[in-house]
Amino acid sequence: MRKIFIAVACLLLISTGQAQLFGAGAEDAASKRLIKLLSKELDADRSEFALEKLDEHCLQSELIEDVSRVYRDQKASGFVVSAKGKGRNDHFNYLIYFNEDREVELVKVISYYSDHGGEIASKRWLQQFVGYDGGELDYGDEVQAISGATLSAGSIVVGIREITILLQDCNL
């Protein structure tokens, strides 16, 4: 009976879009998925990476779902933050990888459920955040606007700025 309940709960989470990169399933499985994604995006071998989940009060925000310190070849190499944004009708999930200087190295949209605005998941559009370190970041000025994705794009821009500033202010 317990197995049936767990299976139904997992199906409900997945079907409603509630399952997150870090949330559903065992923490080890989520860490493995994240390491796989980082190694692919950063063109490195999976064996180079390790994660340490952080639970810092200075990183509390309704946008942040999870924060981990990233180790590469057993040296601290940065942080990865799993976050959520809001489009017109639906939430979406993305992650930000920061180097040790708290500069954005990678932004990746993990899940996007809405019919409109999916262009924010484009590598080309997300590339403009690489190197961001907490300065001005206004949608339509410093960040290229996307027709039909105003709410989603605006949400991710605000999220990246807020999370970057929180991470810089946090003494980790």
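Begin by selecting Phe-92, Tyr-94 and Tyr-112, which ring pairs link into a cluster. The model on display is predicted. By the rule applied here, the count of aromatic pairs comes to three. Show the side chains of Phe-92 and Tyr-94: this pair is tilted, with 5.9 Å from centre to centre and 35° between the planes. Are these residues buried or exposed? Phe-92 has a relative accessible area of 0% and is therefore buried. Tyr-94, at 0% relative accessibility, counts as buried as well.

Next, display the strands as a cartoon. Five strands make up an open sheet in the order β1-β2-β3-β4-β5, and the pairing is antiparallel. Which strands stand at the edges? Select residues 49-54 for β1 and 104-112 for β5: each has a single partner strand, so one side of each is left without a neighbour in the sheet. On average, neighbouring strands of this sheet are turned by 25° against each other, direction ignored.

Now select residues 64-72 and 75-86, which are strands β2 and β3; they pair in the antiparallel sense over eight bridges. For one position in this part of the sheet, select Asp-66, whose bridge partner in β3 is Ser-82.

**A serine in β3**

Move along strand β3 to Ser-77. Is Ser-77 buried or exposed? Its relative accessible area is 16%, and because this is under the 20% cut-off, Ser-77 is buried. Select its surroundings next. Leaving aside neighbours within four places in sequence, Ser-77 is in contact with Val-70, Tyr-71, Arg-72, Tyr-97, Phe-98, Asn-99 and Glu-100.

**The helix across the sheet**

Select residues 150-169 to bring up helix α4. Which strands does helix α4 lie across? The helix lies across β2, β3, β4 and β5, and runs at about 35° to β4, which spans residues 91-99.

Continue into the segment after α4, where Asn-171 has its place. Asn-171 has a relative accessible area of 77%, and because this is over the 50% cut-off, the residue is exposed. Asn-171 and Cys-58 are 113 residues apart along the chain, while their C-alpha atoms are separated by 8.2 Å.

**The second largest pocket**

Rolling a probe the size of a water molecule over the atoms shows where empty space is left. The second largest pocket holds about 150 Å³ of space. To find it, select the residues that line it: Lys-53, Leu-54, Asp-55, Glu-56, Leu-59, Gln-60, Ser-61, Ile-64, Glu-65, Asp-66 and Val-67.

How values were computed
Residues numbered from 1 in each chain as written. Predicted model: local features only at pLDDT ≥ 70, side-chain atom pairs only at ≥ 80, totals over all residues. Heavy atoms only, no water. Pairing = 2+ DSSP bridges. Helix = DSSP H or I, 4+ residues; strand = E, 2+ residues; numbered from the N terminus. Axes fitted to C-alpha atoms, helices over the stretch in contact; angles between N-to-C directions. Contact = heavy atoms within 4.5 Å. Buried < 20%, exposed > 50% of the residue type's maximum accessible area, 1.4 Å probe, protein only. Phe/Tyr/Trp six-rings, centres within 6.5 Å; stacked < 30°, edge-to-face > 60°. 1 Å grid on protein atoms, 1.4 Å probe; cavity = no way out; pocket = protein on both sides within 12 Å on 5 of 7 lines; lining within 4 Å. Points joined across faces, edges and corners; volume = space filled by probe spheres on them.
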